Amino acid sequence: MDDGAPYSRPAWQQLLADAVTTPAELLTLLDLDPTLPALDYARLRGFPLRVPRGFVARMRRGDPQDPLFLQVWPSSAEAQTVPGYGVDAVGDLNKLKAGGIIHKYQGRALVIATGACAINCRYCFRRHFPYSDALAVRGQWRETLAQLAADPTIEEVILSGGDPLALSDDKLAALVAGLEAIPHIQRLRLHTRVPVVLPERVDAALLGWLAQSRLQKVIVLHVNHGAEVDAAVNQACARLRNTGATLLNQAVLLKGINDSTAALKLLSEKLIICGVLPYYLHLLDRVQGAAHFDVEEVTAKVLMSQLSAQLPGYLVPRLVREIPGEPAKTLLPWP
Ligand SMILES: *Cc1c(COP(=O)(O)O)cnc(C)c1O
Ligand code: SF4
């Protein structure tokens, strides 16, 4: 594989650097109308377009409604100001502690390990997050580890971001070694979209430190549509499972992308082929610039009841909304 020369840059870092970053190039690659309205440049600068070429290759050419394209296309609708949609949709900012830690739920601490992502998803609730102020630790995890070691109620550490797998394996291995040295930490969870949007990232170096860890490993992927899953993603999932990790998925319910029973059913079916169980289906966090993706709660509940009538129970995700101040994600019942 790509782990031969000790000082060579891993292949995935080159792919990350080669991502598509301009609307014009994306439209050209997909044979789309070059005049398709996009977000104005000033706003786009704050949250740029970014999509790995391998993910673009899974989009249907010539189709401006393609469900993968819509997740990354900076539409002019993002400029609308909609009441109720703010910059800190889930109340994370006032929960952020030293070391980049967000400790909202009992037993689990979430670490903002990096602000970087392999892809910029237009609906992202962290799109306005002031990472440069918040950032844990620039390669030095001392403060983060000290905070986690000082609280014996923490059994599980969730690496999030951004996307933790945007970090180098050296940095991740160092952090995980530090976590392993804290006796009360039992589980390591990764919240990542990288194995889906850049499956090449799942290389020998990553698998190496993951497989060696004494911690129980849970990897929560983020796939919203069945068309995101191809043979390379399937293989990346198989490799991750071989390290002993449990694989789950969280999706966001997105208007025009996966808000149909057929799309949600296809998603669950594609996931289980990869050995991934659906975990959460999130209602959109109401973040500024993402209102055009919102699906109403009543619609979501109808979709859930139809889905549950067509799939085995283990392929039906939990419909949740994050409500600031609650002790857990809020499960939404459907009849
Ligand atoms: C969502 C979240 C978790 C994990 O919640 P689970 O219900 O265990 O998946 C933990 N910490 C924070 C801050 C979160 O937002
Ligand atoms: S990968 Fe995750 S954190 Fe990054 S932009 Fe997409 S949804 Fe947001």
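Reply: Let's begin with Asp63 and Arg60, which form a salt bridge (a side-chain nitrogen of Lys or Arg within 4 Å of a carboxyl oxygen of Asp or Glu); their closest N and O atoms are 2.7 Å apart. This is a predicted model, in which local features need pLDDT of at least 70 and side-chain atom pairs count only at pLDDT 80 or more, while totals for chains, interfaces and linings use all residues; side-chain values use heavy atoms, leaving out hydrogens and water. Residues are numbered from 1 along each chain as its sequence is written, and chains are lettered from A and ligands numbered from 1 in the order in which they are written.

Asp63 has a relative accessible area of 19%, so it counts as buried (under 20%; exposed is over 50%, partly exposed in between, with a 1.4 Å probe and protein chains only).

The whole structure holds 18 salt bridges, and another of them joins Arg122 to Glu78, with 2.8 Å from N to O. These two come from distant parts of the chain, 44 residues apart: Arg122 lies in the loop between strand 3 (108-112) and helix 6 (131-134), and Glu78 in the loop between helix 5 (69-72) and strand 1 (96-97). (Helices, H or I with at least four residues, and strands, E with at least two, are DSSP runs numbered from the N terminus.) Both Arg122 and Glu78 are buried. They also belong to a network of salt bridges that takes in Arg127.

A further salt bridge brings Glu228 and Arg193 together, again at 2.8 Å from N to O. Here too the pair links distant parts of the chain, 35 residues apart: Glu228 sits in the loop between strand 6 (216-221) and helix 11 (231-242), and Arg193 in the loop between strand 5 (187-192) and helix 9 (194-197). Glu228 is buried at 0% relative accessibility, and Arg193 is buried at 5%. Arg193 leads us on to ligand 2, since it is one of the residues around that ligand, meaning that a heavy atom lies within 4 Å. Also around ligand 2 are Cys117, Ile119, Cys121, Cys124, Gly162 and His222.

Strand 4 is largely enclosed by the rest of the structure, because 5 of its 5 residues (156-160) are buried. Glu156, Ile158 and Ser160 cover one side, with Val157 and Leu159 on the other.
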